[in-house]
Amino acid sequence: MAGVFFNRLLASATRSTFTAAFRPATSTSTTTLRSSPVLRQLTLSPQSTSAFSTTAPLSTTLNQVLRGQRKGKRARHAVSPALSGKNCPQLKGVCLRVGVVRPKKPNSGERKTARVKLSSGAVITAYIPGEGHNIQQHSVVLVRGGRAQDCPGVRYRLVRGALDLGGVASRTTSRSKFGTKKPKSAQVG
């Protein structure tokens, strides 16, 4: 008996959407099924200005309505939450401590890191790129997003050549990433 009821209900719903496609669209009118509180969620909106579309509109099936509406995709978490929370590309901060971190399993070495208190008040761990650095405690640095892939918990990088952090000395390639000026060319004379 319930199956016959739902079949008739769906037939009337599809009939109303078919007639709504050929009726001039109004901005506020929507056809809603009011026969049952469960099916009240199934709202049929009038078509856009063109009667026919190449892509079918996303419609909810009866089982999805009975189970509960489809859940939207969860938002991806931010790579650099302290910056994305304030919607800033970079933030100024003060160095609290400078140290080294051992990288994850297949890699070895010592990655230079700094514990930084940002101007927003957050305390983060940032990676110091390049060979050698001149940072110490109380240095003012500029922090950008971008994690160090082989260092767990390091989700930020310091900008070389900005504020107290100097550029990498004697760097010839990728100089803009490491804050190094173009070397003076030799004079032929």
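**Architecture and local features of the predicted chain**

Ala148 is located in the loop that joins strand 6 to strand 7, where strands (E, at least two residues) and helices (H or I, at least four) are DSSP runs numbered from the N terminus. With a relative accessibility of 3%, Ala148 is classed as buried; the classes are buried under 20% relative accessible area, exposed over 50%, and partly exposed in between (1.4 Å probe, protein chains only). Apart from neighbours within four places in sequence, Ala148 makes contact with Tyr127, Val154 and Arg157, a contact being defined by heavy atoms within 4.5 Å. Between Ala148 and Thr113 the C-alpha to C-alpha distance is 9.9 Å, for a sequence separation of 35 residues.

The model is predicted, and local features therefore need a pLDDT of at least 70 and side-chain atom pairs a pLDDT of 80 or more, while totals for chains, interfaces and linings use all residues. Residues are numbered from 1 along each chain as its sequence is written, and side-chain values use heavy atoms, with hydrogens and water left out.

The protein chain contains three helices and seven strands. Read from the N terminus, these elements follow the order α-β-β-α-α-β-β-β-β-β. Of the 189 residues in the protein chain, 24% are buried. Among contacts with a separation of 6 or more, 48% involve residues 24 or more positions apart. The protein chain has an accessible surface of about 13900 Å², and carbon and sulfur atoms contribute 53% of that area; accessible areas come from the Shrake-Rupley method with a 1.4 Å probe, and for residues only the protein chains shown count as cover.

The average over the protein chain is 79, and 67% of the residues score at least 70. In residues 27-34 the pLDDT is below 50, and the model gives this stretch 15 contacts beyond near neighbours in sequence. Residues 38-45 also have a pLDDT under 50, with 24 contacts in the model beyond four places in sequence. Where pLDDT is low, the predicted coordinates should not be read in detail.

Side-chain pairing was examined next. A salt bridge requires a side-chain nitrogen of Lys or Arg within 4 Å of a carboxyl oxygen of Asp or Glu, and one is counted by this rule. Asp150 and Arg111 form a salt bridge through their side chains, with an N to O distance of 2.7 Å. This pair connects distant parts of the chain, 39 residues apart: Arg111 belongs to strand 4 (residues 111-118), and Asp150 to the loop between strand 6 (140-145) and strand 7 (156-158). Asp150 is buried, its relative accessible area being 14%. In general, side chains of opposite charge can pair when their charged atoms come close.

Lys112 is also part of strand 4. Its relative accessibility of 32% places Lys112 in the partly exposed class. Beyond four places in sequence, Lys112 touches Gly99, Val100, Ala126, Tyr127, Ile128 and His133.

Most residues other than glycine have a negative phi. His138, which is not a glycine, has a positive phi near 75°. His138 lies in the loop between strand 5 (123-127) and strand 6, and a relative accessibility of 60% makes His138 exposed. Leu163, likewise not a glycine, has a positive phi of about 55° and is found in the segment after strand 7.

Key:
pLDDT = per-residue confidence, 0-100.
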